[in-house]
Amino acid sequence: MIVLGIETSCDETAAAVLDGGRKVLSSIVASQDDIHAPYGGVVPELASRRHLDVVVPVVRRALDVAGVDLAGLDGIAVTQGPGLVGSLLIGCSVAKAIAFARGVPLVGVNHLEGHVYAAFLEDDPPTFPFLALVVSGGHTALYVARERGRYERIGQTRDDAAGEAFDKVAKLLGLGYPGGPVIERVAKSGNARAVSFPTAQMSDGASDFSFSGIKTAVSLHVRRAGALDPAQVADIAASFQATVVQTLVKKTIRAARRLDIDRIVLTGGVAANTPLREALAAECIEGHMHLHVPSRRLCTDNAAMIAAAGHDRLVAGERASLTMNAVPDLVLV
Ligand code: KG4
Ligand code: ZN
């Protein structure tokens with residue numbers, strides 16, 4: 001089954017073609033970093049306008065690289081939510097138009113399930129049950145996946161997503177956008193023990209996260225310190241990153257132990273972070289757990305993961321009607 005995937009939930013316009021849901025024939029990602037960088041974050045109206053400009057060329061390129069034409073498609077999978085409504089609408093409209101014009105089966109995919117599916121595109125795909133830490137710019141959550149297509153959310157952020165914290169701290173430090181990669185780079189020359197930032201503990205013992213406290217702590221620290229030299233910026237970046245990594249790793253391992261699950265999937269844009277990948281890998285070795293982390297280009301937003309998730313839903317007989325619509329607050333269950 002040849003499936004075209006389309007992803008436009010936030011600030012990447014992406015299209016991919018997969019054979020059999022696992023073989024990536026093409027994966028095209030057009031980043032919008034250039035238009036959002038001056039604002040230090042995604043400007044929704046600019047994002048949807050750019051999606052509109054580039055979505056057709058991106059889909060065309062994905063088909064060209066895969067050597068497939070519209071007549072060769074057996075299914076179309078599109079991100080239905082969660083995300084920015086104006087952005088989601090562009091992808092959904094294009095997917096529906098192709099489905100209608102060519103009579104191709106259509107399915108809507110939850111973006112977060114897409115992130116989990118990135119792990120199935122690697123050589124060593126996870127087996128069920130597993131615990132998935134989905135950590136991105138819009139979401140930070142822990143899911144238990146006991147069988148294909150079924151998820152139980154056991155924890156989530158109560159305020160900012162981890163990636164959002166990276167982006168906001170980078171802005172505070174004058175490092176630009178997107179914050180994750182630049183903080184990771186700058187932190188390399190910093191001392192992670194230079195500044196002690198708070199880690200949020202849930203008083204009710206839940207597997208939830210909170211990153212607004214550390215963001216405020218960085219903001220206060222920066223204000224008190226006044227003008228920062230590059231070495232101080234590197235120390236703050238390193239200390240911030242280490243604290244976030246430690247929190248994510250500790251809560252994930254603790255949840256896995258509590259649930260007696262020995263398989264973990266780490267995915268989402270923040271999963272591209274090397275210190276996070278290494279710290280979780282080390283803890284998994286220590287705790288005799290198996291870790292699955294997609295390659296970096298599959299961790300950040302892409303359409304291959306959407307096509308993979310959509311493929312399995314199409315095979316299971318799921319179909320979206322042409323009245324399907326974007327759902328900005330779609331939950332994963
Ligand atoms: O999954 P993603 O591409 O888009 C959303 O679904 O949100 O995640 C984007 C987020 C951004 O906040 C970005 O700063 C963060 O992932 N990110 C990173 C790294 N690369 C991207 N955070 C930390 N370290 C990185 N290397
Ligand atoms: Zn994402």
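This is a predicted model: local features need pLDDT of at least 70, side-chain atom pairs count only at pLDDT 80 or more; totals for chains, interfaces and linings use all residues.
Figure 1. The space inside the largest cavity comes to about 60 Å³. Its lining is made up of Thr199, Ala200, Gln201, Gln246, Thr247, Lys250, Lys251 and Arg254.

**Figure 2. The largest pocket and its lining.** The volume of the largest pocket is about 990 Å³. Its lining counts 37 residues. Nearest the centre of the pocket lie Ser136, Gly137, Gly138, Asp167 and Tyr177. At least two lining residues come from each of helix 4, helix 5 (162–172) and helix 6 (179–187). Helix 5 contributes the most, with five residues.

**Figure 3. The zinc site.** Three residues coordinate the zinc ion (ligand 2): His111 and His115, each through NE2, and Asp301 through OD. The distances run from 2.0 to 2.1 Å. Along the sequence, the spacing of the donor residues of the zinc ion (ligand 2) is H-x3-H-x185-D. Distant parts of the chain are linked here, as His111 and Asp301 are 190 residues apart. His111 belongs to helix 4 (residues 111–117), whereas Asp301 sits in the loop between helix 10 (296–299) and helix 11 (304–315). His111 has a relative accessibility of 5%, so this residue counts as buried. Asp301 is also buried, because its relative accessible area is 14% and the limit for a buried residue is under 20%.

Figure 4. Strand 5 covers residues 106–110, and five of its five residues are buried. Leu106, Gly108 and Asn110 are on one side of strand 5, and Val107 and Val109 are on the other. Both faces are covered. Strand 4 (residues 75–81) pairs with strand 5 in the parallel sense, through five bridges. In one of these pairings, Val78 has Gly108 of strand 5 as its bridge partner.

Figure 5. Arg313 is found in helix 11. Is this residue, Arg313, buried or exposed? Arg313 counts as buried, because its relative accessibility is 19% and the limit is under 20%. Leaving aside residues up to four places away in sequence, Arg313 touches Val107, Glu113, Gly149 and Glu318. One of these contacts, Val107, is a buried residue of strand 5.

Figure 6. Strand 6 (residues 130–135) and strand 7 (residues 140–147) run antiparallel and are joined by six bridges. Leu133 has Leu142 of strand 7 opposite.

Conventions:
Residues are numbered from 1 along each chain as its sequence is written. Chains are lettered from A and ligands numbered from 1 in the order in which they are written. Side-chain values use heavy atoms; hydrogens and water are left out. Two strands pair if DSSP finds at least two bridges between them. Helices (H or I, at least four residues) and strands (E, at least two) are DSSP runs, numbered from the N terminus. Donors are N, O and S atoms within 2.8 Å of the metal (3.2 Å for Na, K and Ca); water is not among the atoms, so sites may look incomplete. Buried means under 20% relative accessible area, exposed over 50%, partly exposed in between (1.4 Å probe, protein chains only). On a 1 Å grid over the protein atoms alone, a cavity is a set of points where a 1.4 Å probe fits but cannot get out, and a pocket is an open set with protein on both sides within 12 Å along at least five of seven lines; lining residues have an atom within 4 Å of a point. Grid points are joined across faces, edges and corners, and a volume is the space filled by probe spheres set on the points. Contact means heavy atoms within 4.5 Å.
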